[in-house]
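Dear colleague,

Please read them with the coordinates open beside you.

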Amino acid sequence: MEDFKTYLIESKTFEPAELGAIPLQLHEPLHYWLLRNYPERERQIWDCLSRFLQITIIRPESVSYNQSLARLLPAKLAHELTLAPVAINGTRITVAMADPGQFEKCDEIGLRMNCAVLGDNVRPGDIQVTGVLACPYDLGIIIKQVYGLGAETVEDVVLENYYSLSETESADISHNDRIDAGSDDFQDAAIVRFVNQLIFDAIKCQASDIHLEPYENTLQVRYRIDGVLQSESVPANIKNLEAAIISRIKIMARLDIAEKRLPQDGQIRLMALGRPIDVRVSIVPTMFGQSLVLRLLDKETAFVRFDKLGLNNSQMETLNKGANSSHGVILITGPTGSGKSTTLYSLLNSIDRHDRKVITVEDPIEYQLENVSQIQVKPEIGLSFAHCLRSILRHDPDIIMVGEIRDTETAKIAISSAMTGHLVLSTLHTNDATSAPVRLLEMGIEPYLAASALEVLAAQRLVRKLCTKCRTELTAGEHLPHGESTYLNGHKTCQAQGCFECRNTGYKGRTAIFEMFTLDQQMRNMIIEKSSADKLRQSARESGMKTLFENGLELVGNSVTSLAELYRVVKE
């Protein structure tokens, strides 16, 4: 212990004062004591330990999935021993461990491996195990990469179910019949544990959705992270548990487990990482089984402060001015998943609501706001957006937020509300801001009403931010199109690279880009004359509006995102 302590000080990993609290009688290895007291420096501690012991250290990014690795050692044993095979070279097996004390057991570990993976003539004594070091956090990820999410749980259930079936059933029973919703095994704690692992892992990855997609021989699991679907490593035999997993999720969402022919929708409320999480469950029947999507709504982390949305100073001023008006309509436009509702919530939260009555009509209510009366739309009982709007106009509101203008009736009431002295905030599905008036006219709104009621129009998109750990710099050159080259010339831009921190995507997190303008008299006259969206766009540009693409180029020039990502999200 003293030698390692001295090495920590000499290598300047720790100051002498930081190690002064180490007990004289330490009943655990020093590196574990340091981990408990300095968890944020875990990698530093293990890097120092590997240099002190002259043992190679391994990172998750250097481990790639290999089915042979997973077959070498049972997943349950790997979790119990806290180690994972990471490389095969003939009969030489490299095993990652977090505890240097386990290196003495390499021969014993070799005897417990599956020799058949290496060849028919290989015997246990032929296997040579070499240990490499991994810090505990990294090792957990390596085990997941090698075996798949919840592999030890799946292994337990499949083996238990296999032996119970082998005593009473014929060997040619189909995969989907091995565990069905009516059996006792489906209620087994292992299935509960696996579903909990699945949801918990997705929340840690900051996923917005979990997709479980059945195919003929596999059950694919994918997370939507930063708006893009990413495949998750799962055990090869997870297909055997498909029916049990689906039934468990149905029970959590209070759905009919016997119904497999019709779509179903439900909701789960749970606690994870010490905070409440709402899970919206959608189930649809497909060719090879029931496909599930779980939408994860983390109210504490998903809410974005108004000044953190990605608005520049001019845009913030425009929205603030509109929000402090006594009447009119503020419309946020864009496709599904572009963050429109989040922007409205953030705007509402920034408004002083103590002397103003605020009522919202939503489907669903995603965030709860103080001093705001929020109404959940329920179409099955006739409580539609239009029905709610007609009722709340008699409720003396100052500000009304309509989650989405979906039909003509809702649009007419929203516009009429703005004309009678209410501030209305809502969203609309159009590609850009200048298309919003044209869309309202197509829905049957009279041109003079739209021209009088509309105040601020905005369009937005979400672009992924470059991972700051791995992005690489480049200088914009002549290979760029003329417009981009003119704007970015001389700016140091970055491109995506990919590392462990960003799951090899090159991006981590998202920010919004906007195009926004306030209607002037000229544009109101153009709406009355039913001018096209192109003419309205030209007028807005002449008045100083920057397009989504132009605002996105500012982020590219500041190395916030890449030009490739901007092209992906905004096509002009």
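Aromatic contacts

In this predicted model, the structure holds 5 aromatic pairs. One of them joins Phe4 and Phe52, whose ring centres are 5.2 Å apart and whose planes meet at 45°, so this pair is classed as tilted. The pair links distant parts of the chain, since Phe4 belongs to helix H1 (residues 2-10) and Phe52 to helix H3 (residues 42-53), 48 residues apart. Phe4 has a relative accessibility of 5% and counts as buried, whereas Phe52, with a relative accessible area of 30%, is partly exposed.

Phe52 also forms an aromatic pair with Tyr7, and this one is tilted as well, with 5.5 Å from centre to centre and 50° between the planes. Because Tyr7 lies in helix H1 and Phe52 in helix H3, the pair ties together parts that are 45 residues apart in sequence. Tyr7 itself, at 24% relative accessibility, counts as partly exposed, because partly exposed covers the range between the limit for buried, under 20%, and the limit for exposed, over 50%. Taken together, Phe4, Tyr7 and Phe52 form one aromatic cluster.

A charged side chain also meets aromatic rings in this model, and here the residue to look for is Arg41. The charged end of Arg41 sits over the ring of Phe14, at 4.0 Å from the centre of that ring, and the charged end of Arg41 also sits over the ring of Tyr38, where the distance to the ring centre is 5.5 Å.

Key:
Residues numbered from 1 in each chain as written. Predicted model: local features only at pLDDT ≥ 70, side-chain atom pairs only at ≥ 80, totals over all residues. Heavy atoms only, no water. Phe/Tyr/Trp six-rings, centres within 6.5 Å; stacked < 30°, edge-to-face > 60°. Helix = DSSP H or I, 4+ residues; strand = E, 2+ residues; numbered from the N terminus. Buried < 20%, exposed > 50% of the residue type's maximum accessible area, 1.4 Å probe, protein only. Lys NZ or Arg CZ within 6 Å of the ring centre and 35° of its normal.
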